[in-house]
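Hi everyone, thanks for coming.

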Amino acid sequence: MKKKDIIPPSETETQEEQVVKQESKARKIIGTVINVVLVVAIVLAAVSTYISYVSSSGNGSPPNILGMQMLSIQTNSMYPTLKPGDLIFAKKVDDPKTLEVGDIITYWTVINGERVLNTHTIVEIYDEGYRIFSTKGDNNTSKDPLMVHEAEVIGKYSWKIDGLGKFVDYLQTSEGFLIVVVLPVFIFFLFYLVQFFRVLFEYQNVKNRIKYEQERGRTEDLLAEQERKQQEQKEQERAAMEAELREKLKAELLASMGSGEKVPEEEAPAKEETPAEEPAQEEAPKEDSAPTEE
């Protein structure tokens, strides 16, 4: 007969522990990824909401974060310095006299009959008690037709993030906000809702298991108590039976001893009377023989 290989309990437990550790590690990784996605989605949602609110507030100012205004480049007039889709950050200008020729500024102007924000380079400065700026796009061949009053300047170009402007523009659309913000947040809450109910069910299972163990322990205690009482009852019955038997034996012994003493007392006088009569009979002849001897 072939003997089956028996896996020691320690090896089995080790394998189970490894499986549990791997599952726990995978859950941690998934949880970390979801948390990162959630944080990014929340940040994007906050930024998008803020941009949308500022854009629709009616004051016409671009979003301002920590003194930096964010703008998305729409045309290639400043190419190659600034490309369409770049997200630029312009610092607010407190004193227009600090601006110089060559600085890139963002300002309000009119293009095709519409008041819009524009970002171009300063090519000339006119000082008439207040400053007037002449601007030009780096990719344009001629200056801008309209001069820029210092009051129209909202910021000076500081730095940029290539391509992020397209994403910010898309984020401000209904479709972009739904896909980039609402959907990840919904998935996050769905995931953690499932996790919450799973933990709740596990808690209920553990609670029921503890309750079952407690009930089982109580049942075992009750059974042990009943068994102990039954054992005590049996011992009491056995002791009572032994006591009863001892009493019966004692009574029988006393009865037998009592009957043995009475029999000799009745026979003793009969034995004593018999020798008393014989001397009387022997004395009588002696009296009769006395005269005969005389």
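Let me start with a definition: a residue is called buried under 20% relative accessible area, exposed over 50%, and partly exposed in between, using a 1.4 Å probe and protein chains only. What we have here is a predicted model, where local features need pLDDT of at least 70 and side-chain atom pairs count only at pLDDT 80 or more, while totals for chains, interfaces and linings use all residues. Residues are numbered from 1 along each chain as its sequence is written, and side-chain values use heavy atoms, with hydrogens and water left out.

So, is Asn112 buried or exposed? Asn112 counts as exposed because its relative accessible area is 82%. Asn112 sits in the loop between β4 (104–111) and β5 (114–127); strands here are DSSP runs of E, at least two residues long, and helices are runs of H or I, at least four, numbered from the N terminus. Although not a glycine, Asn112 has a positive phi of about 55°, and the hairpin of β4 and β5 has 2 residues between the strands.

Now follow β4 itself. With β5 it pairs in the antiparallel sense over 8 bridges; two strands pair if DSSP finds at least two bridges between them. Ile104, for instance, has Thr121 in β5 as its bridge partner. β4 is also joined by 3 bridges to β8 (residues 153–161), again antiparallel, and there Ile105 is partnered with Lys156. Because 6 of its 8 residues are buried, β4 is largely enclosed by the rest of the structure.

What makes up the largest nonpolar core? It has 8 residues: Val93, Leu99, Ile105, Tyr107, Ile122, Phe133, Val148 and Val153. A nonpolar core means buried Ala, Val, Leu, Ile, Met, Phe, Trp, Tyr and Cys residues joined through side-chain atoms within 4.5 Å. Apart from that one lies another core, of 7 residues, including Leu71, Met78, Ala90 and Ile104.

One backbone detail: the peptide bond from Tyr79 to Pro80 is cis, with omega near 5°. You will find Pro80 in the loop between β2 (68–72) and β3 (87–91).

Last stop, helix α3 (residues 174–293), which is where Phe186 is placed. Phe186 counts as exposed because its relative accessibility is 51%.
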